[in-house]
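Here are a few exercises to work through with the model open on your screen. Try each task before you read its solution.

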Amino acid sequence: MAQQKTDVMEKLVSLSKRRGFVFQSSEIYGGTGSCWDYGPLGVELKQNIKRVWWRDFVQARADMVGIDASILMHPTVWKASGHLDHFTDPMVDCRACKLRFRADHVDAIPWVHYCAATKGNKFTIAGGEPCHHCEQRRTLCPACGKGELTPPRQFNLMFKTFMGPVEEDAAVAYLRPETAQAMFVNFENVLQSMRLKLPFGIAQVGRSFRNEITPGNFIFRTREFEQMEIEYFVNPHETVEGRPADEYWHDRWIADCLDWFRRYGLGEENIRLREHDPDELSHYSKRTVDIDFHYPIGWSELMGVANRTDFDLKQHAQWSGKSLTYFDEGRHEHVVPYVIEPAAGVDRALLAFMSDAYREEEVRGEKRVVLRFHPELAPIKVAVFPLVNRDGMPEIARKVEAGLRPYLNVFYDDSGAVGRRYRRMDEVGTPYCVTVDSQTLQDETVTVRDRDSMEQVRVPIAGLRAHVEERMGAWKRPV
Ligand SMILES: [Zn+2]
Ligand SMILES: [Zn+2]
């Protein structure tokens with residue numbers, strides 16, 4: 001099973017490149033480490049994930065609003081948030097080869113050893129193990145086996161840059177490492193301009209940047225990524241169903257997020273909750289629960305839902321000198337709201353949806369690769385084919401395509417056998433293929449072929465759009 005899963009990652013990377021989902025960044029120059037570009041189908045998939053998320057969590061809810069803040073923020077934001085002081089990894093450097101390692105990972109990596117007991121022969125020894133000839137353990141650089149390692153130094157994961165024309169300390173700015181802080185610093189603006197009442201949430205979708213030392217696993221961990229974050233503010237003095245409001249809403253958000261991922265296709269067996277241990281919690285968190293997904297690389301985080309308490313608003317109030325409170329009219333008191341933070345990565349969500357949707361099947365002795373995306377997420381909703389390129393079929397097919405295009409993302413294909421065209425659409429997850437054939441010429445009906453069941457039905461051209469939209473709405477994940 002593990003072997004199969006690793007295979008799937010390689011297949012996804014290859015399919016992504018071949019069919020225009022994801023390309024390596026700056027590939028013609030040899031690529032940029034752990035940066036990826038979304039191609040024509042990848043950008044559609046990604047836009048769909050963000051659009052559906054925004055619709056379901058912001059537009060469809062009366063207690064939610066959105067913002068779109070700038071990536072560069074006042075540097076004091078990162079002092080107040082704790083990122084300047086705490087968003088660090090301890091690093092050690094080799095004094096000889098200059099390679100840098102995470103201090104807490106260095107013992108686990110295989111190490112190069114020139115063994116004095118065997119006249120200086122070179123060995124590579126598994127991480128954490130001693131040399132079997134001399135019983136020595138690693139003290140030098142694991143990569144070159146010669147250099148001493150420096151004592152650990154804290155390395156900040158924020159990307160640093162300069163605002164304006166002068167590269168001096170006073171002009172230092174950071175690319176935001178998370179979108180969350182913009183919701184906190186805009187708390188008062190949003191509260192006043194929208195005249196909101198607790199509980200309410202502010203959502204944002206946008207790019208964040210982290211100078212990760214060990215990125216990797218395709219789009220799972222990258223230095224530049226997109227987040228979909230919500231800060232949901234609640235009154236900590238209130239109770240809901242007999243529980244403190246923050247605890248009640250925390251569980252509600254975990255359930256809502258879990259439901260959302262299931263609704264758009266993630267299988268029950270590939271998704272689970274993971275409670276953070278007390279010693280694992282961030283300094284601001286009362287409780288954090290991750291939604292983990294079974295990626296091809298194993299179980300790992302898809303999103304986190306944290307109870308950040310009143311830490312952030314209090315910090316920003318202190319550093320800005322502004323009051324960041326809510327006036328509770330019923331109790332006649334100013335309160336600092338608690339905040340529940342559901343934070344998801346767009347790229348990770350995309351990888352999860354893609355790997356969950358990926359299937360290899362046998363159909364009449366032939367292999368078919370299919371991405372069983374939820375139709376709302378599928379980059380192309382409908383492909384339109386003329387069965388053959390004569391007898392007026394291409395003209396009718398072009399008309400069918402033009403009729404659907406204002407409403408649905410359509411793709412026209414007239415090259416190769418129709419079976420091949422179906423397979424190409426299966427491989428990119430197109431849920432419906434419409435074919436114009438000789439019967440169309442007589443009764444103005446077309447066939448609609450279902451990606452998952454491969455069954456075909458005849459539908460009048462006039463009712464085609466309604467037919468497709470109805471089926472999109474009724475889609476169920478095949479087991
Ligand atoms: Zn070295
Ligand atoms: Zn040795």
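A residue is buried if 20 or more other C-beta atoms lie within 10 Å of its own, exposed if 12 or fewer, and partly exposed in between, with C-beta atoms placed from the backbone. This is a predicted model, where local features need pLDDT of at least 70, side-chain atom pairs count only at pLDDT 80 or more, and totals for chains, interfaces and linings use all residues. Residues are numbered from 1 along each chain as its sequence is written, while chains are lettered from A and ligands numbered from 1 in the order in which they are written.

**Exercise 1.** Work out whether Glu444 is buried or exposed.

Solution. Start with the place: Glu444 sits in the loop between helix 12 (438-443) and strand 26 (445-450). Helices (H or I, at least four residues) and strands (E, at least two) are DSSP runs, numbered from the N terminus. Next, count neighbours: Glu444 has 12 C-beta neighbours inside 10 Å, so it counts as exposed. Then check the backbone: phi of Glu444 is near 55°, a positive value in a residue other than glycine.

**Exercise 2.** Find how strand 11 and strand 12 are joined.

Solution. Two strands pair if DSSP finds at least two bridges between them. Strand 11 (residues 200-209) and strand 12 (residues 224-234) run antiparallel and are joined by 10 bridges. For one of these, go to Gly206, whose bridge partner in strand 12 is Gln227. Now step back to the loop between helix 6 (187-194) and strand 11, where you'll find Pro199. A cis peptide bond links Leu198 to Pro199, with omega about -5°.

**Exercise 3.** Which strands stand at the edges of the open sheet of seven strands?

Solution. Write down the order, 3-11-12-20-17-16-15, with mixed pairing. Strand 3 (64-66) and strand 15 (271-275) are the edges: each has a single partner strand, so one side of each lacks a neighbour in the sheet.

**Exercise 4.** Which residue in the turn between strand 21 and strand 22 has a positive phi?

Solution. Strand 21 (residues 358-363) pairs with strand 22 (residues 366-371) in the antiparallel sense over six bridges. Val363 has Glu366 as its bridge partner. The two strands form a hairpin with two residues between them, and Arg364 in the turn has a positive phi of about 45°.
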